[in-house]
Amino acid sequence: MLQENAIWMGVGAEPDNKHVNLLLNQANRHGLIAGASGTGKTVTLKVMAEGFSHAGVPVFMADVKGDITGMVSPGADNEDMQERIKRFGIEGWEYTGCPARVWDMTGGQGLPVRITISDMGPELLSRLLELTDVQAGVLDIVFRIADDKQLLLIDLKDLRSMLNYVAEHAKEYETTYGKVSSQSVGAILRQLISIEDQGGDVFFGEPDLELSDWFQCAPDGRGYVNILNAEKLIQSPQIYAMFLLWMLSELFDTLPEAGDLDKPKFVFFFDEAHLLFNDMPSELLDKIVQVVKLIRSKGVGVYFITQLPSDIPDEVLAQLSNRVQHGLRAYTPAEQKAVRAAAQSFRENPAFKSEDAILELGTGEALVSFLNEDGQPEIVERAKILPPQCLMAAAPDSDLKAALDAQADLMKKYGTAEDRESAFEQLTEVAEQEEEAEKLAEERAQLEKEKAELEKQKAKEAEKAARKAEREAEKAAERAERAREKQQEQMMKGLGKLANSVLGTFGREATRQITRNLFGGRRR
């Protein structure tokens, strides 16, 4: 319940019956709600969240079991509730639900929650995909090339296209960005299939979430309780943890410095907090520690909900100043050690021993220590936690439907997925252009080859024709030579005959003359 500048969380032990209050101006110093299953953590969470809502502080919380939706419904009156109200001495009690918005990352009931691949970034995405250092380095290169080429990475098909593109052009980029092995690309692509099977094809996309829509208040001034429907999502713990870590980082990166405020701007409840820190690389843990340390100066309070405080690394645990410790069970030496560690984190109360009290706490009881006005931890109190004014169980379908209907304006904004031109379309076009260019090059090469073959064939034919002409010329010359020789031979024969004829005539005349001379002279 809200009381002036504080949320009344519970009542201490008799005889003092001291009110245990969470001061709003100290609420951004973060907090922890811990305890074994069934000890009342969810009730504590609801009381705290509805207190913030009534104070005009919007909150975010994940519903991993399905009962957080009860915050939209007024509580149910019964004898047990009447007895509690009387025992706490609550005046002016009113059953009331909170203004709420229901979100969903898996395409189920609620406003769709989407973020882009670029928003997630290579660091968180490497963690989500459980990549090795070498594979994470390749993913860094892929993101860098996408930035340099102004290719938008919106959904999984964009990232898959980008990975294939870089792998195909690895030699071109090696000297500028570093080596990209086909084995690493193949491993990343295989991991993308796993994430896609877990709902990544729904989660990654547009329109992407604007966190400003979570910073809004209802018309009556109460802050909206933003409930993430995580019953299915929790079955994919990596996606669940990475989304919440992204949200925390995004809040840190986008919000301006706010300084000391009378109340937080926003409160973030991280249920099943141990999932965030399982097998977390040291670099990522350092970033979380930095965000948790500094985000309070931006007016944001972060509250982790888990079973054991030891689920959270000491560097983060040291930043959680407002603590509610429900009962723990210690059956093993490790559990006993965890109880001692939890007890030692409190400022001791001389009225009881914290280590014993943690083991004795019943359902709805807790050891509570919040910061006082000076920012100092108060002496731990063994307190009974107030009941919430909202419904303890899950909301009935009618109330949940009414809450969903009331967010119709946001459904118009987020309800329909968009698929604008991004890396997939751009690289597909590039691939088509490259394929067309390659095809044209092949056709040109074929034409050049055919042209060369034709020229070669023409040259062969010309050479053949030249050889033929040469042979014809040689034959013609031979014929001419034979004709000339024959002609000469015939001429010689003719001359011979002529000579013989002339000689014959000359001989006969000479003979006659000699005869005449001989005989003619005798006659005289």
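Asp-158 lies in helix H5, which spans residues 156–168, where helices are DSSP runs (H or I) of at least four residues, numbered from the N terminus. This is a predicted model, in which local features need pLDDT of at least 70 and side-chain atom pairs count only at pLDDT 80 or more, while totals for chains, interfaces and linings use all residues. Residues are numbered from 1 along each chain as its sequence is written, and side-chain values use heavy atoms, with hydrogens and water left out.

**Asp-158**
- Asp-158 is buried (under 20% relative accessible area, with a 1.4 Å probe and protein chains only), yet it has no salt bridge (a side-chain nitrogen of Lys or Arg within 4 Å of a carboxyl oxygen of Asp or Glu).
- The nearest side chain of opposite charge is that of Lys-157, 5.2 Å away, with Lys and Arg counted as positive, Asp and Glu as negative, and His and the chain ends not counted.

**Packing of H4 and H5**
- Helix H4 (residues 133–148) packs on H5 at an angle of about 95 degrees, the axes being 10 Å apart; axes are lines fitted to C-alpha atoms over the stretch in contact, and angles run from 0 to 180 degrees between N-to-C directions.
- H4 is therefore roughly perpendicular to H5, a term covering 65 to 115 degrees.

**Nonpolar cores**
- The largest nonpolar core has 87 residues, and Met-162 and Phe-204 are among those with the most contacts inside it; such a core is a set of buried Ala, Val, Leu, Ile, Met, Phe, Trp, Tyr and Cys residues joined through side-chain atoms within 4.5 Å.
- Helix H8 (residues 237–254) gives the most to this core, with 12 residues.

Terms used
Helices (H or I, at least four residues) and strands (E, at least two) are DSSP runs, numbered from the N terminus. Buried means under 20% relative accessible area, exposed over 50%, partly exposed in between (1.4 Å probe, protein chains only). Angles under 35 degrees count as roughly parallel, over 145 as roughly antiparallel, 65 to 115 as roughly perpendicular and the rest as oblique.
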